[in-house]
Amino acid sequence: MRTDVRFPTNGLQLAGHLCLLDGVDGPLAAIVVGHQTTGVKEQSPAVYAARLASEGFAVLTFDAAFQGESEGMPRGLEDPFQRAEDFRAAVSYLTTRPEIDPDRIGVMGVCGSGAYAPYAAQTDHRMKAVASVSGTDVPSFFRGADPEGWQQMVANSGNLRSAEAAGEPAATFACCRRRPTPTPPHRRLSSSTTTRRPVACIRAPRSTWSCGARTSSTSSTPSPTLPRSRLARCS
């Protein structure tokens, strides 16, 4: 049985699915499952939720703040610190449910959430178990491939934050573009009139986009010494 639920985090309402196996008596052990970067709860978390629920667990999947059906602007923002807070909020919500044993709640992160979940658990001991399903360490991939370029991205991040604090507008730039609209046979356009609209943009001060995926330009694990991710979709 799947129930649509909503719960608060830092003034925003998160949208989630609570999955329970029919006919199982509570209180139940529960698992919070977080989605991958650029993902939503209906994707890989739903697959894990179905399997875990069949084993007798209550499972809560949810869309991160600013993403999916959850509240928050700008849409598509990937904020590592908020992502960790979302896990804590999900646990708080589960403790209010009569079907759940508050002393048996675990968390599981898929891909990007595989870093946010253990980070959140470091300071929230209500999380009795932690699991991570991550195929690669994307930040290490970028750091190892181009150390100098990595350091330049970090330096640019700080410079753009300072500029924004001084009143300059947030800098954005397109990184993935849609294919141009095919020109009808009866019309001829010069190259200067053919435009392409950006599918996504990066809102300064940081982060790297690859087509089809967003990756943090510093670390997928939040750190107080590193700037936050400011990724956003643009129309």
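Are phenylalanine 7 and phenylalanine 62 buried or exposed? Phenylalanine 7 is buried, and phenylalanine 62 is buried too (buried means under 20% relative accessible area, exposed over 50%, partly exposed in between, with a 1.4 Å probe and protein chains only).

**Basis**

This is a predicted model, in which local features need pLDDT of at least 70 and side-chain atom pairs count only at pLDDT 80 or more, while totals for chains, interfaces and linings use all residues. Residues are numbered from 1 along each chain as its sequence is written, and side-chain values use heavy atoms, leaving out hydrogens and water.

**The sheet**

An open sheet with mixed pairing is formed by 6 strands in the order β1-β2-β4-β3-β5-β6. Strands (E, at least two residues) and helices (H or I, at least four) are DSSP runs, numbered from the N terminus; two strands pair if DSSP finds at least two bridges between them. The edge strands, each pairing on one side only, are β1 (2–9) and β6 (127–133).

Strands β2 (residues 12–19) and β4 (residues 58–62) run antiparallel and are joined by 4 bridges. Cysteine 19 stands opposite valine 59 in β4.

**Aromatic pairs**

The whole structure holds 4 aromatic pairs (rings of Phe, Tyr and Trp, the last by its six-membered ring, with centres within 6.5 Å; planes under 30 degrees apart are stacked, over 60 edge-to-face, the rest tilted). Phenylalanine 7 and phenylalanine 62 form an edge-to-face pair, 6.1 Å centre to centre with 70° between the planes. Phenylalanine 7 lies in strand β1 and phenylalanine 62 in strand β4, so this pair ties together parts 55 residues apart in sequence.

Ring pairs link Phe7, Phe62, Phe87 and Tyr93 into a cluster.
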